Amino acid sequence: MEAETLPQLEITKLDTQWIQVLSEGWATPLRGFMRETEYLQTLHFNNIKSVDGSSNQSVPIILPISTEDKDRLKEEKSVALKYDGKIVAVVREPETFEMRKEERCARQWGMVHKEHPYQQLVWEAGDWCLGGDLEVLGRVKWEDGLDQYRLTPNQLRAEFKKRKADAVFAFQLRNPIHNGHALLMSDTRKRLIERGYSNPVLLLHRWEGSPRTTTCP
């Protein structure tokens, strides 16, 4: 397989999660990790431009790399991305650029605070980014018993059509559902019916990760 012959880059679980987001179409029209132009458009305008027009994009989707990897890969035309011993994707026509960490934090969060939980990840990552079109070698799966619930946008559209939904309302949360959440969801459905929709369907979108200790014992 060609990917096995390419120079390789070890990536993290977070990088692999972004590959899943990109490959399943959640970040359309992005075709891979952001190149520098897309990155700066996102930071400064919360928007990216493509041949199809403009799209809202306020969160950078980038692949951080070290200075050593930047120097090692700067002349390569394709780079294989490896996670947990397996090549999961190939970056085509890669482009390297500086992450501009302070600028990113100031633009994305409105402040620079190195102890902020997510900013810590930014400051601990490499100083450079590798951008380029992604060729994903297979659907990303985590083998944790939950893969069947991680539907792609196309799968969700098919499910909404199957259910004959004329409206879809989404609720996204990380912690277990409580009575307040249930009230919001049922009230939203009631309001949509009052507006004339006959079959509004709820998309309950669960964030992954450990619940806050203040919410769950």
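Which residues of the largest nonpolar core touch the most other members? In this predicted model, the core comprises 30 residues, and those touching the most other members are L9, I19, F33, L81 and L134. At least two core residues are supplied by each of helix 2 (13–23), helix 3 (36–45), strand 6 (78–83), strand 7 (86–98) and strand 8 (128–136). Strand 7 provides the largest share, with four residues. Another core, of five residues, lies apart from this one and includes A3, L6, I87 and V90.

The surroundings of L134 were examined individually. When residues up to four places away in sequence are not counted, L134 touches I19, L22, R31, G32, F33, L81, A89, V90 and V91.

Three aromatic pairs were found in a search of the whole structure. In one of them, the ring centres of Y83 and W142 are 6.3 Å apart and the planes stand at 70°, so the arrangement is edge-to-face. Because Y83 belongs to strand 6 and W142 to the loop between strand 8 and helix 7 (153–162), this pair ties together parts that are 59 residues apart in sequence. Y83 is partly exposed, at 22% relative accessibility. In a further pair, W109 and Y118 have ring centres 5.7 Å apart and planes at 40°, and the pair is therefore tilted. W109 has a relative accessible area of 24% and is partly exposed; Y118, at 30% relative accessibility, likewise counts as partly exposed.

Lysine side chains also sit over tryptophan rings. The charged end of K70 lies over the ring of W128, 4.2 Å from its centre, and that of K114 is placed over the ring of W123, at 4.3 Å from its centre.

Note on methods: Residues numbered from 1 in each chain as written. Predicted model: local features only at pLDDT ≥ 70, side-chain atom pairs only at ≥ 80, totals over all residues. Heavy atoms only, no water. Core = buried A, V, L, I, M, F, W, Y, C linked by side-chain atoms within 4.5 Å. Buried < 20%, exposed > 50% of the residue type's maximum accessible area, 1.4 Å probe, protein only. Contact = heavy atoms within 4.5 Å. Phe/Tyr/Trp six-rings, centres within 6.5 Å; stacked < 30°, edge-to-face > 60°. Lys NZ or Arg CZ within 6 Å of the ring centre and 35° of its normal.
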